[in-house]
Amino acid sequence: MKPATQYTKSGRINIAYQVFGSGSIDLVYIPGWVSNIDWMWACPELVDFLQELGKIARVILFDKRGTGLSDRVVELSTLEERMDDIRAVMDAVGSQKAVLFGHSEGGSVSALFAATYPNRTISLITFGVFAKRRYAPDYPWAPTDEERQVVYDMIENNWGSGDMGLESLAPSKANDQVFMDWLASYFRSGASPSAAMVLTKMNTEVDIIDILGTIKVPTLLMQRTHDIDVKIEEGRFIAERIQGARFVEFGGRDHLFWVGNTKEVLETMKTFILGVKPIRNYQEQLFTIVAARIISLENVDANPEELIRQFVEQYRGKVIQYNRQTFIAIFEGPSKAVHCSIDLVDAIRTMPARLAIGIHIREGAVDEAHFISGETEAFVDAMLQLAKPNQILVTQTVKSLLSGAGVSFTQYKAVYETLSGESFLLFSVTDPLSANEKAGQISPKKVLQNDSFLENVLQSIDTHLANEHFGVEMLCREIGISERQLQRKLKAVTNKSPNQLITSVRLHRAKELLMGSEFGIAEAAFKTGFANPSYFSKCFKKEFGSSPSDLLLLSR
């Protein structure tokens, strides 16, 4: 029996999740690419697999933002944001620690979560995981650009038809037309063609190689030897870089874990899950470190400490060291660190002062008193010597995790070398809006309410949800930027125009009202800014693929 679908907020994005099972251990399943947790229950093979896991665990399923039943108001999201969705769902169900089970790209997100939140991770299990999705001499098993283009062409030309060429994901089911029809429907119900394209191109940029060595939780990696989609060498490469990881190869060619020799896969998972003795507390975890040099101008001894702390806290970071010349802050992810740094560079200009910033990702002590190690001090000194005023430098490790973050990078001429002899390429961060374009923006000293530009846009739309006259002009005034700036910025971080985003948010909020069974179609339309219920129904069907009346029948 399909469990009830529930929702929780990750920031202002609604994340759909389901919970079932009778076990005493929590297990979070993180699907690959796209998913639809309702449509999972239409596949007997997947249902059998999940129910077997439910005998030993409380199983938590969810759709990542932009896919399935979760909000699709944004198509772009970083690995960090998808990692935040895991944390939000765990918080919603009261799960303090859980086994993470990630499939394909879901394994990449799970690996980042396990490194960032080891004290919330019992163990890490992956199936068919990859560390990179683009060919490189040091990772020659990933697809070439030409091979990825074939996937792009399939999405562009065949996403709406049955001819999606999915047989390579489940060769053992290639002649099972019922299964292949379900699989095509599962993917189409998980993402629109444009969202599927954006997600696929973002996955092409995934690179978690540099964080593999920081994963300390018990880890099981599984893969089939002749998997066409992810090569067996990739699994072996990853296993070699995770301390104490167990790597299990299964015969066969299927990329999907719930077809083929599923009994072997299940038994391996069960034995591993039940055999792990959780470590009570890890002393280190992955942090993003922001180090900045404060440069006072015009013989003015600027002291922007309070402003810096406000911005850092707004982005869920923490200042751990401050003096008049430098400060160090830590964040749980690189996207928050970079966007906070961009805002700080702009804000400090008015003091008058300048910031030179370096950003890196590395392990640090959970105990803040012991965080500033010799390695960290060396990083701060090296990066701050290289960074120029008004410049933000990031290492390759940071850049690799920022696909979908809405920022651009230029390779810097210098290279950062650690005390241990490691070398990192450096990149200069470029915001899509130049400093001149930002001249008309909201006062740089004002700290906005939310922890990102997008969060503030979504709050503004929510505040004026019932106002049918609310549009781009009013949104620009509230956010404090020109229409041209808003167009560019939203395209960079959501892949939508302002009007498309406003309409999409209205429709998703209307869907919430209808699913709550308290409002009829006309009332839900009026409450979300649609003056014409007929036009509302037309837009609703275009957004979700079914009419409001169909949704009412299903929810009631």
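User: Which elements do the buried residues of α3 pack against?
Analyst: The model is predicted, so local features need pLDDT of at least 70 and side-chain atom pairs pLDDT 80 or more, while totals for chains, interfaces and linings use all residues. Residues are numbered from 1 along each chain as its sequence is written, and side-chain values use heavy atoms, without hydrogens and water. Helices (H or I, at least four residues) and strands (E, at least two) are DSSP runs numbered from the N terminus, and contact means heavy atoms within 4.5 Å. The buried residues of α3 pack against β3 (25-30), α2 (79-92), β5 (98-103), β6 (121-127), α6 (193-204) and β9.

User: How many of the residues of α3 are buried?
Analyst: Buried means under 20% relative accessible area, exposed over 50% and partly exposed in between, with a 1.4 Å probe and protein chains only. Among the buried residues of α3 are E105, F113 and T116. The helix is largely enclosed by the rest of the structure, because the buried residues number 12 of the 12.

User: Which backbone oxygen does the side chain of Q285 reach?
Analyst: Q285 belongs to strand β9 (residues 284-296) and is buried, with a relative accessible area of 13%. Not counting residues up to four places away in sequence, Q285 touches A115, T116, P118, R362, E363, G364 and V366. At 3.0 Å, its side chain reaches the backbone oxygen of T116.

User: At what angle do α13 and α16 pack?
Analyst: Axes are lines fitted to C-alpha atoms, for helices over the stretch in contact, and angles run from 0 to 180 degrees between N-to-C directions. The axes of α13 (residues 453-463) and α16 (residues 498-515) are 10 Å apart, and the helices pack at an angle of about 65 degrees.

User: Which residues of α16 make the contact with α13?
Analyst: From α13, the contact is made by L454, V457, L458, I461 and D462. From α16, the contributing residues are L501, I502, V505 and R509.

User: What is the phi of R316?
Analyst: Most residues other than glycine have a negative phi. R316 lies in the loop between α9 (305-314) and β10 (318-322) and is partly exposed, with a relative accessible area of 34%. Although R316 is not a glycine, its phi is positive, at about 60 degrees.

User: Where is N390, and what is its phi?
Analyst: N390 is in the loop between α11 (374-386) and β13 (391-395). N390 counts as partly exposed at 29% relative accessibility. Its phi is positive in a residue other than glycine, near 65 degrees.

Definitions and conventions: Polar contact = N/O pair within 3.5 Å; in protein donor to acceptor, adjacent residues only side chain to side chain.
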